[in-house]
Amino acid sequence: MKINDYHTKKSYHLKRTINTCITLIFYIIISYALTSSSLWAQESSQKAKFPKENEEFLASGSECEKKLFQSLYGIYDPEIDINIADLGIIELVECNEQTNTNTVTIILTSPFCPYVKDLVADIKKQSKTLYPNREAKVRIDTEIRWNLSRLSPKARKQFLDVPE
């Protein structure tokens, strides 16, 4: 093989790799933009239902919903070691007596969360442990964006290391 052929092939592969990386970055940016429609407007108007108002919820929800929500304090985000209730990713807990289902609606801290399958499995397992005769569902809300304001005071102290 001639030296020029070697450099030409190497140059070709380098250009191809760079083009692939650029294309991948472009797709990531586009998918993020699509999953976070009107991101900036939502963040200012969102009100976190949990955990900021968990005392109010625990006073007004059904016994099933209260018990299920309390049990979610035992599930931790594997990456940052904060329970999902204090992390503020639980949006809604519903127990439907007519359909015999328990549904937990969550939001993700990132659209590309690598642990979403684990979190969903843990939540379903927790629901099935408490209510084995009910169907356990987990709904992921992609419309609401997670932000630091959703952290409970306890999680804020742990996560940001600031006083409550």
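What follows is a short chat about a predicted model of one chain.

Q: What should I know about the numbering and the model first?
A: Residues are numbered from 1 along each chain as its sequence is written.
A: The chain has 7 helices and 3 strands. Helices are DSSP runs of H or I with at least four residues, strands are runs of E with at least two, and both are numbered from the N terminus. Along the sequence the pattern reads α-α-α-α-α-β-β-α-β-α.

Q: What share of the chain is buried?
A: Buried residues are 35% of the 164 residues. Buried means under 20% relative accessible area, exposed means over 50%, and partly exposed lies in between, with a 1.4 Å probe and protein chains only.

Q: And the contacts, what share join residues at least 24 apart?
A: That share is 62% of the contacts between residues at least 6 apart in sequence. A contact is heavy atoms within 4.5 Å.

Q: OK, the sheet. In what order do the strands come?
A: The order is β1-β2-β3, in an open sheet of 3 strands with mixed pairing. The edge strands, β1 and β3, each pair on one side only. From one strand to the next the twist averages 15°. Two strands pair if DSSP finds at least two bridges between them.

Q: How many bridges join β1 to β2?
A: There are 6, and the two strands run antiparallel. One of the pairs is Cys95 with Asn102 in β2. β1 and β2 form a hairpin with 4 residues between them, and Asn100 in the turn has a positive phi of about 60°.

Q: Which helices lie on the sheet?
A: Among them is α4, which lies across β1 and β2 and runs at about 140° to β1. Helix α6 packs on the sheet too, touching β2 and β3, and its direction makes about 150° with that of β3. Axes here are lines fitted to C-alpha atoms, for helices over the stretch in contact, and angles run from 0 to 180 degrees between N-to-C directions.

Q: Stay on α6. How far does it reach?
A: Helix α6 covers residues 116–130, 15 residues in all, and spans 21 Å from its first C-alpha to its last, close to the 21 Å expected at 1.5 Å a residue. The expected span is 1.5 Å times one less than the number of residues.

Q: Which of its residues are buried?
A: Leu119, Val120, Ile123 and Ser127 are buried in α6. Seen down the axis of α6, they fall within an arc of 100°, so they line one face of the helix. The arc is taken over the directions from the helix axis to the C-beta atoms.

Q: What do the buried ones pack against, and what is on the face turned away?
A: The buried residues of α6 pack against α4, α5, β2 and β3. The face turned away carries the exposed residues Lys117, Lys125 and Thr129.

Q: Switching to Thr101: buried or exposed?
A: Thr101 is buried, at 7% relative accessible area. Thr101 is in strand β2. Beyond its neighbours within four places in sequence, Thr101 contacts Glu94, Cys95, Asn96, Arg134, Glu135 and Lys137.

Q: What joins the side chains of Thr101 and Thr99?
A: A polar contact of 2.9 Å. That term means a pair of N or O atoms within 3.5 Å; within protein, one must be able to donate a hydrogen and the other to accept it, and residues adjacent in sequence count only if both atoms are side-chain atoms.

Q: Where is Thr99?
A: Thr99 sits in the loop between β1 and β2. Thr99 is partly exposed, at 49% relative accessibility.

Technical notes
Predicted model: local features only at pLDDT ≥ 70, side-chain atom pairs only at ≥ 80, totals over all residues. Heavy atoms only, no water.
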